[in-house]
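Trainee: Hi, could you walk me through this one? I'm new to it.
Mentor: Happy to, let's open it up together.

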Amino acid sequence: CPSRATAPSTYVMVTRSKNSVSDSLPVVIHLAPGFQGADARLFHQECHALKKAGYRVEFVAHPKKDDNFQSTVDFYSLGSLEYSSWGWRLMERLRRSRRAYQVAQQSKASIFHIHSPEFINWGIRLKRELRGKVIFDFREDYEGYARDRPGTPALLRNPLAYFVKTQIERAARNCDALICADEGTANLLKENAKRTLVLHNF
């Protein structure tokens, strides 16, 4: 049986679910470093919908002070989502992804739903180490956003976009399923993906 790491003491469970769940359904953990906890797609369309269906849901993201998860999920905070220089943001991306990975290691989940391109390698590592199912949420044009992202030095935009493209292709080949925000993206990826599903943002 794959071993699970001990929960790091620096991670705070902000809310614990009080609603009933089915013991026959697997535990699902949403890993979203770089995303706010109250994100409509993440929390309402995915986490809350799974909870209503009877799943136990764990959620790892960044809260705001006024977030209220109504005790519907086990929520783990990655701390506030701050913005500073480009170099600082890069280092923070690496740190928060590792923190999310460590939370996932001590989870009882067997389904890992990942949301950040920067977390794809960690997600594939979880699949290998814990033998769970990994789903990647392709919620936007990450490659195009990397190329046009404000604050990114111009010389780094094309290399960054290429890196993101290779990560998305790796996710398609290695993840158990991809969830896309539109049919066009799903059609582009389905040749290499094991399974695709469309879930519109709105």
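**Two helices side by side**

Mentor: Let's begin with a helix pair: α3 and α5 are roughly parallel to each other, because their axes cross at roughly 20°, and angles under 35 degrees count as roughly parallel. Keep in mind that this is a predicted model.

Trainee: Which residues make the contact?
Mentor: On the α3 side they are I120, N121, I124 and K127, and on the α5 side Q167, I168, R170, A171 and N174. Sorted by class, that contact has 4 nonpolar, 3 polar and 2 charged residues.

Trainee: OK, stepping back. How many helices and strands does the chain have?
Mentor: The protein chain has 6 helices and 8 strands. Going along the sequence, their order is β-β-α-β-β-α-β-α-β-α-α-β-α-β.

Trainee: And what percentage of the residues is buried?
Mentor: Of the 202 residues in the protein chain, 46% are buried. Among contacts between residues at least 6 apart in sequence, 61% join residues at least 24 apart.

Trainee: Which residues in the largest nonpolar core touch the most other members?
Mentor: Those are L31, F59, F112 and F136, in a core of 45 residues. There is another core apart from it, with 5 residues, including V28, I111, I135 and A177. As background, nonpolar side chains tend to be buried together in soluble globular proteins.

Trainee: Let's pick F136. What does F136 touch?
Mentor: Leaving out residues up to four places away in sequence, its partners are I114, H115, S116, P117, I120, Y142, I168, A171, C175, A177, L178 and I179.

Trainee: What else is S116 in contact with?
Mentor: Neighbours within four places in sequence aside, S116 is in contact with A32, P33 and F35, as well as F136. Also, S116 and F138 are 22 residues apart in sequence, and their C-alpha atoms are 8.4 Å apart in space.

Conventions. Residues numbered from 1 in each chain as written. Predicted model: local features only at pLDDT ≥ 70, side-chain atom pairs only at ≥ 80, totals over all residues. Heavy atoms only, no water. Core = buried A, V, L, I, M, F, W, Y, C linked by side-chain atoms within 4.5 Å. Buried < 20%, exposed > 50% of the residue type's maximum accessible area, 1.4 Å probe, protein only. Contact = heavy atoms within 4.5 Å. Axes fitted to C-alpha atoms, helices over the stretch in contact; angles between N-to-C directions. Helix = DSSP H or I, 4+ residues; strand = E, 2+ residues; numbered from the N terminus. Parallel < 35°, antiparallel > 145°, perpendicular 65-115°, else oblique. Nonpolar A, V, L, I, M, F, W, Y, C, P; charged D, E, K, R; others polar.
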